[in-house]
Amino acid sequence: ETRRTRSDGLMLLSAVFLLSAPASASQGDKEPVYRDCVKQCLRTNCTGARLRGFQSSQPPYMALTGWTCRDDCRYQCMWTTVGLYQAEGYSIPQFHGKWPFARFLCFEEPASALASLLNGLACLLMLLRYRSAVPRQSPMYHTITAFSLISLNAWFWSTVFHTRDTYLTEKMDYFCASAVILYSIYLCCVRTLGLRRPAISSMVGALLILAFTSHVSYLTFVSFDYGYNMAANATIGMINLLWWLCWCWLNRRILPYWWKCGMVVLLLHGLALLELLDFPPLFWVLDAHAVWHLSTVPVHFLFYSFLIDDSLHLLNTEKPGVKLD
């Protein structure tokens with residue numbers, strides 16, 4: 001009774017993916033040729049014996065991640081429409097708010113899924129290195145460990161989302177990313193102010209929890225506004241950037257490793273500009289989002305190098321703060 005059967009486990013995992021996302025209309029899926037193709041495919045392949053044949057021949061990993069006959073029709077018709085666009089010399093259209101990607105096994109966006117996984121592995125590796133290098137008595141040990149766990153959770157859901165885009169996986173990807181950004185503010189607050197003034201960090205932490213709850217509630221129950229979500233995250237990110245850079249500048253003559261922190265925040269915000277290079281995926285796999293995620297993998301090593309140096313400094317310093325601390 002304490003162990004699930006294999007079929008129960010498959011059903012549980014499938015439920016995560018089967019909550020289909022509401023499709024936003026794009027140029028490609030507005031095309032009559034695409035819509036007629038999908039309707040014809042559904043009538044021909046997704047009823048009666050043909051549907052049972054599709055389900056019986058479908059690989060387990062496709063069924064596990066919630067790929068239905070309807071999804072397969074959309075995928076095949078997407079490429080039919082892309083072929084017609086190319087034959088006529090038109091630019092590649094988007095479908096349901098996304099560029100066309102070549103599916104690999106069950107992965108909708110293989111490059112972005114791989115990049116998210118690599119970021120998660122880099123984060124896990126450096127967390128383990130941090131915990132082996134820094135004693136638990138260091139003032140920032142538990143705060144940094146919590147930040148790492150929140151980051152790992154976000155990279156997990158990013159990997160899942162890029163593997164299979166559904167209503168649930170999209171929301172988890174967005175909400176977990178927002179949690180990382182908000183907790184990074186808390187991390188900055190604890191390091192710069194909270195070590196000497198715990199009441200301040202406690203107050204800021206409470207405000208950030210309230211902000212996260214309000215943010216998720218609005219996007220869930222009022223309107224899932226992509227523009228608002230981007231503006232909110234960009235605003236919080238800019239506060240984080242300026243706060244850390246201010247601390248780095250004030251401590252540049254005292255802490256020899258200050259440049260690592262400055263380099264990390266500048267790299268992270270600079271590399272995010274890659275998202276502006278919105279182009280059809282190269283080889284139908286590599287788009288601007290995947291390039292952005294791939295570019296952030298090395299940043300984890302520099303960031304944790306700073307965290308290790310700073311945590312050891314705090315441990316060996318009688319008064320943990322320098323300036324703004």
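Trainee: Which helix gives the most to the lining of the largest cavity?
Mentor: That's helix α14, residues 299-316, with four residues in the lining. Keep in mind that this is a predicted model.
Trainee: Which residues line the largest cavity, then?
Mentor: Met140, Ile144, Arg191, Trp244, Phe306, Leu307, Asp310 and Ser311. By class, that lining has five nonpolar residues, one polar and two charged.
Trainee: And what volume does the largest cavity have?
Mentor: About 40 Å³. The structure holds one cavity of 30 Å³ or more.
Trainee: Okay, back to α14. At what angle do α7 and α14 pack?
Mentor: About 20 degrees, and the axes of α7 (residues 110-133) and α14 are 10 Å apart. The two helices are therefore roughly parallel to each other. As for handedness, α7 passes α14 in a right-handed crossing.
Trainee: Which residues make the contact?
Mentor: From α7 you have Asn119, Ala122, Cys123, Leu125, Met126, Leu127, Arg129, Tyr130 and Ala133. On the α14 side, they are His300, Phe301, Tyr304, Leu307, Ile308, Ser311 and Leu312. Sorted by class, the contact of α7 with α14 has twelve nonpolar residues, three polar and one charged. Leu307 and Ser311 turn up in this contact and also line the largest cavity.
Trainee: New pair: how do α9 and α10 pack, and at what angle?
Mentor: Helix α9 (residues 167-194) and helix α10 (residues 198-222) pack at about 170 degrees, with axes 9 Å apart. That makes α9 roughly antiparallel to α10.
Trainee: Which residues in α9 meet which in α10?
Mentor: The α9 side includes Phe175, Leu182, Tyr186 and Leu193. Among those they meet in α10 are Pro198, Val204, Leu208, Phe212 and Leu219.
Trainee: How many charged residues does the contact of α9 with α10 have?
Mentor: None; it has 15 nonpolar and six polar residues.
Trainee: And what about α3 with α6, what's the angle there?
Mentor: α3 (residues 32-45) and α6 (residues 69-87) pack at about 145 degrees, and their axes are 9 Å apart. The crossing of α3 and α6 is right-handed.
Trainee: Which residues make that contact?
Mentor: α3 brings Val33, Tyr34, Cys37, Val38, Cys41, Leu42 and Asn45. α6 brings Cys69, Arg70, Cys73, Arg74, Cys77, Met78, Thr81 and Leu84. The contact of α3 with α6 divides into eleven nonpolar, two polar and two charged residues.
Trainee: Last one, Leu266. Where is its place?
Mentor: Leu266 is in helix α12, residues 258-271.
Trainee: What is Leu266 in contact with, leaving aside neighbours within four places in sequence?
Mentor: Leu241 and Leu245. Leu266 and Leu241 are 25 residues apart along the chain, and their C-alpha atoms are separated by 7.5 Å.

Definitions and conventions:
Residues are numbered from 1 along each chain as its sequence is written. This is a predicted model: local features need pLDDT of at least 70, side-chain atom pairs count only at pLDDT 80 or more; totals for chains, interfaces and linings use all residues. Side-chain values use heavy atoms; hydrogens and water are left out. On a 1 Å grid over the protein atoms alone, a cavity is a set of points where a 1.4 Å probe fits but cannot get out, and a pocket is an open set with protein on both sides within 12 Å along at least five of seven lines; lining residues have an atom within 4 Å of a point. Grid points are joined across faces, edges and corners, and a volume is the space filled by probe spheres set on the points. Ala, Val, Leu, Ile, Met, Phe, Trp, Tyr, Cys and Pro count as nonpolar, Asp, Glu, Lys and Arg as charged, and the others, Gly among them, as polar. Axes are lines fitted to C-alpha atoms, for helices over the stretch in contact, and angles run from 0 to 180 degrees between N-to-C directions. Angles under 35 degrees count as roughly parallel, over 145 as roughly antiparallel, 65 to 115 as roughly perpendicular and the rest as oblique. A crossing is left-handed if the near helix is turned anticlockwise from the far one by less than a right angle, and right-handed if clockwise. Contact means heavy atoms within 4.5 Å.
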